[in-house]
Amino acid sequence: MSTYGRSIAVLAVAAAALTGPARLNGQNRGAPPPAAAPPTARASAPIDLTGYWVAYVNEDWRYRMITPPKGDFRGVPITREALKVVNAWDPAADEAAGNQCKSYGAGAIMRVPGRIHITWQDDNTMRLDTDAGTQTRLFKFGAAPAPAARSWQGDSAARWERPGPAPGGNAGAGPGSLAVVTTHMRAGYLRKNGVPYSENATVTEYFDVAPQPANGQLLVVTTVVDDPIYLLQPFIVSSHFKKEADGSKWDPTPCSATW
Amino acid sequence: MGSHTLLGHVVALRTVATRTALVVALCWSAASGTALAQSELVGSWAARNTEDISRDSYPVDYIGIPLNNEGRTRALTYNESQLSMIERQCEGWPPFYFVQGPFGLKIWSETEPIKGGTISFTIGGWEDRAPITIWMDGRPHPSKYAPHMRGGFTTGRWEGTTLVASTTHIKAGFMRKNGPPSSDQATMTTRFYRHGDILTVLAVVDDPIYLAEPQIISKSFQLTSAPISPIGPPCVSGFEGRKASEGVPHYTPEKNPFVDELTKLFRVPKDAVLGEPETMYPEYRKKIKASYVRPEACKSDCGAAPAR
């Protein structure tokens, strides 16, 4: 073996030792390792989103904390079709028709002032409950969601976004994100005062966490609503939440079309 | 051994050394994983302005800024005619404005030529906001006695694919263009999350002088092929009719004539207009439920009619 060849061989071993010790040890034992089941979404979560989070409502306050006046759609790139819906908004009629949850659907729920509680329903399904409007969202990892009747929260397909892989199959350094794509929703409102999204809308969301001093944590949810019927361009908002120690402030309240 | 043979060995050894160094560098880089776990931030990022459009069009609108009493009192003294004073025309806005204002971002980097590492990212400025340079080369922040600059002093580090930037040495200025103040002790921690063509920026501003709790700002930008061209500073001031002898335009806090404007227009409670921290939590919505009466129709600032 030449000097260069030996150098490469030594470095290859060194690299293997640095990047994949477990795999190297397995090979040395001589027997192939048993086929392992792929890790569940829960087991392979790059970030921990579980727990109670409170919405910190300091952006779009006028459209979130109080019900804005009819006809106020500032900041939403609506179509003319949508403007007809905006001008026809009748909260009493929504309430009477049983549509009081129209502003609590997946296109808007992360903007609703309240608390969210994130848990694992099973190893591949993350569950997000809201106290405002008592809604439940299910983020399903892996297989595509089974078609079901349209609902306010629709069907949500989830995946983890991870930092780029390091050699040896090791996970990349640092935290990752949760990406969720939701379709199959009932038509709803982006804002309480009837600014609409249609049942053809797609909601794409990214959940990121940010560590804060004194063990605090922020959650940032970036929401992109695409709607070929009612939006001229994607409606993009980012909502932030503060982590809470427990559920002592959890206060379930029903949907309301008028408040 | 002839000279040519000797030369050949030397060349071979140097080649081996070079290749070995290269392989070592690649192995080390790969083992650390850091180079692969970053995000590309360079480019033009358009502001879609579909959320929290910069609220500086009402003289008293401190909604969403958790001011303490001192900050609120000082904010109420602000008169926008101050900007006609020749010495204040070019003050510009603090670094927070890059995520609060209506503009997009142009981000570029400076690359170290030997190893290809990033020395710094720069967020281009506007005529009223200085550029922000995020130093990635491990340099420390300057002494607390060092001069404070309009763009502050910023260092960055990667947490996986997220760039985390820390800004200090900011000049005193304003949290929003209509007067809520920020002190020269304010600091900002900014996180840049990239998801495909969406860049979400989370800025947390701490100010021990004027804020009761950290101000949290988040905004998303979209990658665009249309180049964003940052302009200015410098800013050129000119005489706008106000003489130095006329003093600084201001209001006495309890007599600011605009304090009720948002309440009259949109029935926003005064506590919220003045940035009381409790107004940013869901409990406040329940507190005002019984007293809030929604205006029947929007009469001002309602949104532009769609073109198609």
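Two exercises with worked solutions follow, on a predicted model.

Residues are numbered from 1 along each chain as its sequence is written, and chains are lettered from A in the order in which they are written. Local features need pLDDT of at least 70, and side-chain atom pairs count only at pLDDT 80 or more, while totals for chains, interfaces and linings use all residues.

**Exercise 1.** Determine which side chains of strand β4 (residues 136-141) of chain A are buried, and which strands pair with β4(A).

Step 1. Strands are DSSP E runs of at least two residues, numbered from the N terminus. A residue is buried if 20 or more other C-beta atoms, placed from the backbone, lie within 10 Å of its own.

Step 2. Two strands pair if DSSP finds at least two bridges between them. Strand β3 (residues 125-130) of chain A pairs with β4(A) in the antiparallel sense over 5 bridges, with L128(A) opposite R137(A). The hairpin has 5 residues between these strands, and G133(A) there takes a positive phi near 85°.

Step 3. Strand β5 (residues 155-161) of chain A runs parallel to β4(A), joined by 3 bridges; A157(A) stands opposite K140(A).

**Exercise 2.** Locate the buried residues of helix α2 (residues 69-76) of chain B.

Step 1. Helices are DSSP H or I runs of at least four residues. The buried residues of α2(B) are G71(B), A75(B) and L76(B).

Step 2. They lie on the same side of α2(B) because they cover an arc of only 130° around the axis, taken from the directions from the helix axis to the C-beta atoms.

Step 3. These residues pack against β8 (181-182) of chain B.

Definitions and conventions. A residue is buried if 20 or more other C-beta atoms lie within 10 Å of its own, exposed if 12 or fewer, and partly exposed in between; C-beta atoms are placed from the backbone. Two residues are in contact if their C-beta atoms, placed from the backbone, lie within 7 Å.
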